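User: I would like a close look at a single part of this model, followed by an account of how the rest is put together. Please keep it plain.

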Amino acid sequence: SLGCMQLNEKNHVPFLTFPRLDVLPYITHAFSTRKGGVSQQEFSSMNLNFNRGDSDTNVLKNYHLFCDAVGFDFHKLVASAQDHHTVVRRVTSKEAGIGIWRPKDMQSVDGLITNEPSVVLVTYYADCVPLYFVDTAKKAIGLAHAGWRGLCDGVLEQTLACFDSSPGDILAWFGPAIGP
């Protein structure tokens, strides 16, 4: 089924993937879980979010563990700066490290798009829903943070508009979320 996700594990790090995307050779993708990292107590164990009280050392170690398990290049990560709005940003390798090992340079980014195969898009979710897009013609991907406010304000439409693609070339999935 197109909507089903698969639970994978490598090096004791579990992660979720869409089997339908596994057949596209230009995409490596994964969604983290809360397991497989080094963070302690309320952050246990795969905390990938800075500025929540966990040490940056733990968060960076968790990123390395996750990247190693999935096959992402840690040095090509680009993170969003989510605030429940509709700003979607096209990123390239020039933005690598933003929000991870380089400071954020924008305060509002709820969606990321790239057509560079080595760039890894990083977005964050709890009770909001990840939207995952693939433009099969341009070999581009996008992630959007879809909370109720962003959906009402048009983050889905804004993300699709940023692809500048034919609608028939776009595949889309809802990622894992904490609630229905």
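Is Ala126 buried, partly exposed or exposed, and what is its relative accessibility? Please describe its surroundings as well, then go on to the sheets, the helices and the side-chain pairing.

Analyst: The model is a predicted one. Ala126 counts as partly exposed because its relative accessibility is 44%, a value between the limits of 20% for buried and 50% for exposed. The residue is found in the loop between strand E7, residues 120-122, and strand E8. If neighbours within four places in sequence are left aside, Ala126 is in contact with Ala177 and Ile178. Trp148 lies 22 residues from Ala126 along the chain, and the C-alpha atoms of the two are separated by 13 Å.

Together with Leu151 and Leu160, Leu156 forms a nonpolar patch on the surface. The accessible area of the three leucines together is about 220 Å².

Side chains of opposite charge can pair when their charged atoms come close. The structure holds 1 salt bridge. It joins Arg89 to Asp105, with the closest N and O atoms 2.7 Å apart. Arg89 is in strand E5 and Asp105 is in the loop between E5 and E6, so the pair links distant parts of the chain, 16 residues apart. The two ends are classed as follows. Arg89 counts as buried because its relative accessibility is 14%, which is under the limit of 20%. Asp105 is partly exposed, with a relative accessible area of 45%.

A further sheet involves strands E1, E2 and E3. This is an open sheet of 3 strands in the order E1-E2-E3, and its pairing is antiparallel. E1 (6-10) and E3 (31-32) stand at the edges with a single partner strand each, so one side of each has no neighbour in the sheet. E1 and E2 run antiparallel and are joined by 5 bridges; Gln6, for example, has Thr17 in E2 as its bridge partner. The two strands form a hairpin with 2 residues between them, and Asn11 in the turn has a positive phi of about 55°. E2, residues 13-17, also pairs with E3 in the antiparallel sense, over 2 bridges. In that pairing, Phe15 stands opposite Ser32 in E3. Helix H2, residues 56-70, packs on this sheet and touches E1, E2 and E3. The direction of H2 makes about 60° with that of E2.

Note on methods. Residues numbered from 1 in each chain as written. Predicted model: local features only at pLDDT ≥ 70, side-chain atom pairs only at ≥ 80, totals over all residues. Heavy atoms only, no water. Pairing = 2+ DSSP bridges. Helix = DSSP H or I, 4+ residues; strand = E, 2+ residues; numbered from the N terminus. Contact = heavy atoms within 4.5 Å. Axes fitted to C-alpha atoms, helices over the stretch in contact; angles between N-to-C directions. Patch = residues over 30% accessible without salt bridge, like charges linked within 9 Å, V, L, I, M, F, W, Y side chains within 5 Å. Areas by Shrake-Rupley, 256 points an atom, 1.4 Å probe, with all protein chains shown as cover. Salt bridge = Lys/Arg side-chain N within 4 Å of Asp/Glu carboxyl O. Buried < 20%, exposed > 50% of the residue type's maximum accessible area, 1.4 Å probe, protein only.
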